[in-house]
Amino acid sequence: MEYDQYNTLDTEDSGPRIVIRDTNRTTANFVLSNTSLALANSVRRTIMAEVPTLAIDLVEIESNTSVLADEFLAHRLGLIPLSAKNIDDLLYTRDCDCDQYCENCAVILRLNASNRSSDEIVKVFAKDLYIDSAFSTSRTPYGAAASAAIDDNLPPRGEPVVMDPEGQGALLCKLRRGQELKLRCIAKKGIAKEHAKWMPTAAMGFEYDPHNKLRHADLWYESDKVEEWPESKNAQWEEPPQEGEVFDYDAEPNQYYINLEGTGVMPPDQIMHSGIRVLQQKLATLIQELSGVDQNSTNNLSNNYLGNGGQSPDMMDMAGAGGAGTAYGGNTTYGDINGAGGFTTPYAGGATSAWGGGAGAGAGGAGGATPYGATPYGRSGNW
């Protein structure tokens with residue numbers, strides 16, 4: 001992964017640093033230091049909410065005679081973790097030029113399970129889902145060579161991720177004699193901002209200042225604070241506060257303990273890389289938008305707010321005195337409130353307001369000729 005100025009080894013503490021404490025197939029425990037709390041928290045939130053993955057979004061049920069309702073099954077299917085291998089090569093459905101979905105923006109999975117004559121209960125697991133080979137093609141999508149190197153250990157994109165010792169995956173339902181389940185699933189690319197089923201992480205531990213030196217946390221206790229609030233293992237990585245130490249009001253956190261636990265849809269290091277890349281893209285878009293505003297546009301925008309530039313219709317000129325030519329002034333199809341400058345309208349005759357009557361005399365006012373005849377309230381009626 002290339003991150004421009006962060007892609008080089010630096011012997012000085014001039015940027016964020018990561019110390020990996022433990023890692024395996026699904027989790028990564030590391031320490032992020034030499035950065036601000038805002039940046040560390042931004043990376044955490046981006047990883048949890050904006051890293052794209054793959055999940056079942058539509059379920060077409062052809063036959064379901066199990067005891068579970070269609071909606072119940074669809075919900076369970078949506079939460080099955082699917083391999084996000086080469087997910088960057090898959091388009092979002094909204095960005096694809098197909099009518100509904102195609103091989104460039106979706107993966108089709110099928111499930112055919114039944115219990116014809118057995119008295120034993122047949123269990124249907126996630127491993128029973130298989131990719132529809134008739135829908136997929138063998139052609140290599142764009143960018144596949146660039147991203148294949150970082151997730152070779154994952155199953156093909158769209159296949160259920162199975163990590164239990166039995167190799168079964170999540171239990172979907174149970175079928176008794178004579179019951180069957182036949183359905184078609186459309187998996188799409190998305191992010192957790194849209195739905196939690198696209199979240200790449202199962203948990204995201206985040207801690208700083210384990211000794212509470214900064215007093216960001218108010219620890220309520222009954223009798224003994226030390227006994228009721230035991231310190232975490234991260235406290236071993238920092239010096240404990242000394243007795244009688246003067247509180248530093250200007251101190252800021254500088255070391256953050258992060259435990260990233262993935263769902264198995266992609267390796268934890270790839271989740272981290274994707275989160276940083278998404279955050280970089282968001283910041284690059286912001287910088288581009290800010291740099292694209294020239295001085296003249298800024299001046300014109302300021303003049304408009306100050307009343308020295310172009311003027312929109314005067315919303316306050318409801319009396320029609322100076323509103324001629326605006327959308328809400330006197331020279332309109334509905335006239336003005338007082339009726340002084342109102343022209344013929346669809347609902348009233350002569351110089352009246354939109355609802356009949358002149359100069360606010362009442363609901364009937366002049367009792368004008370309206371499409372519904374004389375008003376039932378007469379001249380003396382008031383609104």
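How many of the seven residues of strand 2 are buried? Six of them are, so strand 2 is mostly covered; buried here means under 20% relative accessible area, exposed means over 50%, and partly exposed lies in between (1.4 Å probe, protein chains only). This is a predicted model, in which local features need pLDDT of at least 70 and side-chain atom pairs count only at pLDDT 80 or more, while totals for chains, interfaces and linings use all residues. Residues are numbered from 1 along each chain as its sequence is written, and side-chain values use heavy atoms, with hydrogens and water left out.

**Overall picture**

- The protein has six helices and 10 strands; these are DSSP runs numbered from the N terminus, with helices being H or I of at least four residues and strands being E of at least two.
- Of its 383 residues, 34% count as buried.
- Among contacts (heavy atoms within 4.5 Å) with a separation of 6 or more, 68% come from residues 24 or more positions apart.

**Strand 2 and its partners**

- On one pairing, strand 1 and strand 2 are antiparallel over six bridges, and they form a hairpin with three residues between them.
- Within that pairing, Ile-18 stands opposite Leu-32 of strand 2.
- Strand 2 also pairs with strand 10 (residues 255-262), in the antiparallel sense over seven bridges.

**A buried lysine to look at**

- Lys-189 lies in strand 8 (residues 179-190).
- Lys-189 is buried yet has no salt bridge, a salt bridge being a side-chain nitrogen of Lys or Arg within 4 Å of a carboxyl oxygen of Asp or Glu.
- The nearest side chain of opposite charge is Asp-88, 4.7 Å away; Lys and Arg count as positive and Asp and Glu as negative, while His and the chain ends are not counted.
- Backbone oxygens do lie beside the Lys-189 side chain: that of Leu-90 is 3.0 Å from one of its polar atoms, and that of Ile-87 is 3.4 Å from a polar atom of the Lys-189 side chain.
- Leaving aside neighbours within four places in sequence, Lys-189 is in contact with several residues, including Pro-52, Thr-53, Leu-54, Tyr-92, Cys-105 and Trp-198.

- Asn-34 has a positive phi of about 60° although it is not a glycine.
- Asn-34 is partly exposed, with a relative accessible area of 25%.
- Asn-212, also not a glycine, has a positive phi near 60°, and this residue sits in the loop between strand 9 (201-208) and helix 4 (225-228).

Terms used: Two strands pair if DSSP finds at least two bridges between them. A polar contact is a pair of N or O atoms within 3.5 Å; within protein, one must be able to donate a hydrogen and the other to accept it, and residues adjacent in sequence count only if both atoms are side-chain atoms.
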